[in-house]
Amino acid sequence: MASLVSCPHCGSRPKEEFTVKGAALKRPAPDAGQERWMDYVYLRDNPRGAYEEYWHHTSGCRRWLVVTRDTATHEIADSRDAALGVPETRA
Amino acid sequence: MTSYRLPKGGLIDRQSPLSFRFDGKALSGFSGDSLASALLANGQRLVARSFKYHRPRGILTAGSAEPNALMTIGSGGRTEPNTRATMQELYQGLEAQSQNRWPSLDLDIGALNSLLSPFLGAGFYYKTFMWPGALWEKLYEPFIRKAAGLGKATYEADPDGYEKSWAHCDLLVIGAGPAGLGAALTAGRSGARVIVVDEHALAGGSLLAETASIGGATAAEFARQAIAELESLPNVEVLTRTTAFGWYDGNVFGAVQRVQKHVATPKDNVPVERLWRIAAKRALLATGTEERPLVFGGNDIPGVMMAGAARSYLNRYGVAFGKRAAVFTTNDSGYALARDLEGAGVELAAIVDSRADAAIAWSGKARLVKGAFVSDAKGGKSLSGISIWKDGKSETLDVDALAVSGGFSPIIHLACHRGGRPVWSDTHSAFLAPTKLNGLSLAGAVKATSGIAACMADGAAQASALLGELGFKVEPATFGAVEGDIAVPAAKAVWSIPGIKGKAFVDFQNDVHRKDLGLAVQEGYGHVELAKRYTTTGMATDQGKLSNVNAIGLLAEARGVSPADVGTTTFRPFYTPVSFGALTGAYHRDHFQPVRKSPLHDWAAKNGAKFVETGLWYRSSWFPRDGETSWRESVDREVRNVRLNAGLCDVSMLGKIEIVGADAGEFLNRIYSNGFAKLPVGKARYGLMLREDGIVYDDGTTSRIEENRYFMTTTTAYAAGVMNHLEFCSQALWPDLDVRLSSVTDQWAQMAIAGPKSRTILQAIVDDDISNEAFPFLAARDVSLFSGQLRGRLFRISFSGELAYELAVPAGYGESVADALMDAGKQHGICAYGVEALSVLRIEKGHVTHNELNGTVVPADLGFGKMVSAAKPDFIGKAMVDREGLVAEDRPQLVGVVPLDPAQAFRTGSHILAKDAAATLENDQGYVTSSCYSPHIGSTIGLALVKRGSQRHGEDVMIWNGLRNEYTPGRLCSPVFFDPANEKLHV
């Protein structure tokens, strides 16, 4: 796990201030169908390399972030406010 | 008595004598001594017994790799076992005890293990103690643990304080030897923020053991001046006694600073150790090298010492490691020691050089034997002689001290902490650090640079380059000419030594010798990771600092491959052991877990509450009165009184969240499974929150205080989780909704006033009309209190099933308001009640808590099917709540359960079986989620989740507790035991 996480609002902060939720996936439309919803709720990719995750700056600004973390090196390439959204295409 | 203090020399202060004790014996040393140097100065060469064979052991090194000289320092709560005497600074009154010996270090019964050694080889406990298995726990393991060992930890509490700190810098320099000082001086002069860490008390590294001079000053004096300059610079922090123990993600380094481990009595207001996390833009590893031992017979006998260590004791501490010494070397470094020993007047009998073609000139008095090996050291508790093997012939030489140099291993541990693997170099006969380390560079001997001048120049150049990357322009520092240095070019490593007769140790601390490794290969455990575990080499507290490379070399030879093919085991933090105290920091005792107190805590305490910890909260559990002898008696009385008169309960620990904004209503409508869009201003509603997978997450009431302002309550346990969840929904899922969230849990004191007389009592302090007509069930409004002196929020909601209210007032007024209500209620028989009574009341009423909302239930399981809105286009959980499995016929459903015989009881967690079914997993019908004694029913009652439970009211079942073998005949029933028509709520 990264020692420091860059928050777009607070700068570089120790990881203890954050909680991680998991893959940053686009929430399907309510009528997207069971299969789509099962994927969203249960199925996760397990890539080696860049991975977008929802992180919460729980002990900081309390904003939810989308953090791009390398699962092999733990390096964080990008972090942005979750309100900016995630791409529709990810499963 | 063969090691001794020289009449002059060393960096010790001979004007400041210090007395100390070793195994009770009074000894003395000087300020500037390490415990090890002081022991040697007193002729104490036997300092320890080995782990397995209890062999006599002496001091092998002068640094943090020491495998032998582990002792217990201090007494009482300050007892510190396994302290390396080489790293412990001497202080006045220091008490040291040797370890792993009985009855004494000199006469150790455990040494009999040596006689058993043919049976105690690698893997002996896997083979010898295989059978019978039952004896393992009772006989073998205790026996092995007793016989083998390190020091013992104390059971007393540590009286000292510890601290954790962050530090930030442009350049972190790890190690203040020649390369580190070269780098630090360069960096310091650039104005960049620099931190220098060195694990020793005195910075300077190998310079402190040098007789070479730099720019005309002694090497030690040069180091002193360099540190003085660095300490004068405001942009530089020099942390001595500080070990960088790990390299972590984001170029963060862990380091532990021993602030007060070198003093007799630590100051109370200063931590004894400080754990640093250093975030460095760039870091330079200048950790130098570790000298390798040579694996010959009896290489562990006290009197055998690493050559560099012998030189350090000689030049830094003014201690000769023996009276008649020999040097056994594979490289040129042994000659520097030989020269210095003769210079100090210590008799040197011979230099044994493994190289037949050694080119270095030797003009000293000692005899030089080239192409020869020390095959065996002789002696028991002290070295008495050596066998020199040359060309198949052996000769004996009487010496009392032997210095050994088997080459140098760069200390690359930190460079490998983030996944990089060491790379074997045939040229250097050593493992070197991986390349392309992001943020970390190496300088000096750690990357196989040799010679003081070259190391200083390399450090300076590296610092200049690294700071250049950060935009600092600085020329590498330059230094005066170095004279008298013997640079040590790489020499071929020697793994197997010919002619060995005695035990040749590879890992001193775990007593692993050469034959163990051979055995490992023979038995198929030749892979480095397997050999490590089979022989335990490298698994001691020194983590194989001296032994790993020799073990790899010997494995390589045995397998007929290069060390490159054997590879290394993985380097992981910590470089040296770190105390639990330092890792804990200030987070112990009262700070281990903060106590969370309700604003009504003091009110509850003065009313005699017994408290229970729930999470961080201290909740008032029950309020015993005079004459009550059990908690049940108090709780039964409180429950009866609430149903008869009234009671007041602290519910401040419920999570409270304010939700404001133009879209707050729409937001709640999407958060809860039931409808919230039409909730009128001034009304509360019970809500169910689902997870996206359709399972119930939390419940609570939310009230509409104003048009666009809602007040949500959550369960105590999920207060933080619900807040995070709401923030996620508003920020990540629906950022377009105009919603603002604030946690106001700590801002309000909230109390439940329940019971038939609650309205009368409340009306005494509430100015507004709260009659049933004016303030009906589920009314929720701001009210005026005490003739306009205070505003509060009043909610007509009931967890008990009685006429009941919850009143919230600003936290600071909580106690006074509760007092006023108790006063007003006195004539009406009000009592304080705690969470135990609250729980009984809610079970009687069939209300659920997280006992029932257990992460597996959907609303329909609880009889809340109608709370899943079919009309709403979307809410969290909508898409999944109706899926296969969650609507199955035989799902567990909420049901009540009572014993057939009211005199019988059952416990929460008991399972429900069909009446005559056997107690098996297949026959399990569900389990009791909550139970209590109900004064209203007059027996134990329970709530349970039972298959098809809602259709089985009236069915006789068996309530089975398999853990206690209890069988209670019972009957399923409605989960609502009290006022099923809800008449009381509306009076």
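Domain bounds here come from an automatic or database domain assignment. Keep that in mind when you colour chain B by domain: the centres of domain 1 and domain 4 of chain B, taken over C-alpha atoms, are 69 Å apart.

**Before you start**

This is a predicted model, in which local features need pLDDT of at least 70, side-chain atom pairs count only at pLDDT 80 or more, and totals for chains, interfaces and linings use all residues. Residues are numbered from 1 along each chain as its sequence is written, while chains are lettered from A and ligands numbered from 1 in the order in which they are written.

Colour by pLDDT, the predictor's confidence in each residue from 0 to 100. Chain B averages 95, and 97% of its residues score at least 70. Where pLDDT is low, the predicted coordinates should not be read in detail. For the model, ipTM is 0.98 and pTM is 0.91.

**Stop 1: chain A**

Select chain A. Its C-alpha atoms fill a box of roughly 40 × 25 × 20 Å along the principal axes. Show the cartoon: chain A has 1 helix and 6 strands. Helices (H or I, at least four residues) and strands (E, at least two) are DSSP runs, numbered from the N terminus. From that end, the order in chain A is β-β-β-α-β-β-β.

**Stop 2: where chain A touches chain B**

Now show both chains. 19 residues of chain A are in contact with 20 residues of chain B. Contact means that the C-beta atoms of two residues, placed from the backbone, lie within 7 Å. On the chain A side, helix 1 (34-42) and strand 4 (50-56) are the elements that give two or more residues. Helix 1 of chain A gives the most, with 3 residues. Colour this side of chain A by class: 10 residues are nonpolar, 5 polar and 4 charged. Nonpolar covers Ala, Val, Leu, Ile, Met, Phe, Trp, Tyr, Cys and Pro; charged covers Asp, Glu, Lys and Arg; the others, Gly among them, are polar.

**Stop 3**

Two strands pair if DSSP finds at least two bridges between them.

Zoom in on strand 20 (residues 324-329) and strand 21 (residues 347-353) of chain B, which are parallel and joined by 6 bridges.

**Stop 4**

Strand 49 (residues 911-914) and strand 52 (residues 956-961) of chain B share 4 bridges. Here B:A914 stands opposite B:V957.

**Stop 5**

Select strand 44 (residues 780-785) and strand 45 (residues 790-795) of chain B, an antiparallel pair joined by 6 bridges. B:A780 has B:F795 as its bridge partner. The two strands form a hairpin with 4 residues between them, and B:F786 in the turn has a positive phi of about 55 degrees.

Most residues other than glycine have a negative phi, and most peptide bonds are trans. Go to B:R241, not a glycine, with a positive phi of about 55 degrees. B:R241 sits in the loop between strand 13 (236-239) and strand 14 (242-248) of chain B.

Finish at B:P573 and B:F574, joined by a cis peptide bond with omega of about 5 degrees. B:F574 is in the loop between helix 12 (563-566) and helix 13 (580-584) of chain B.
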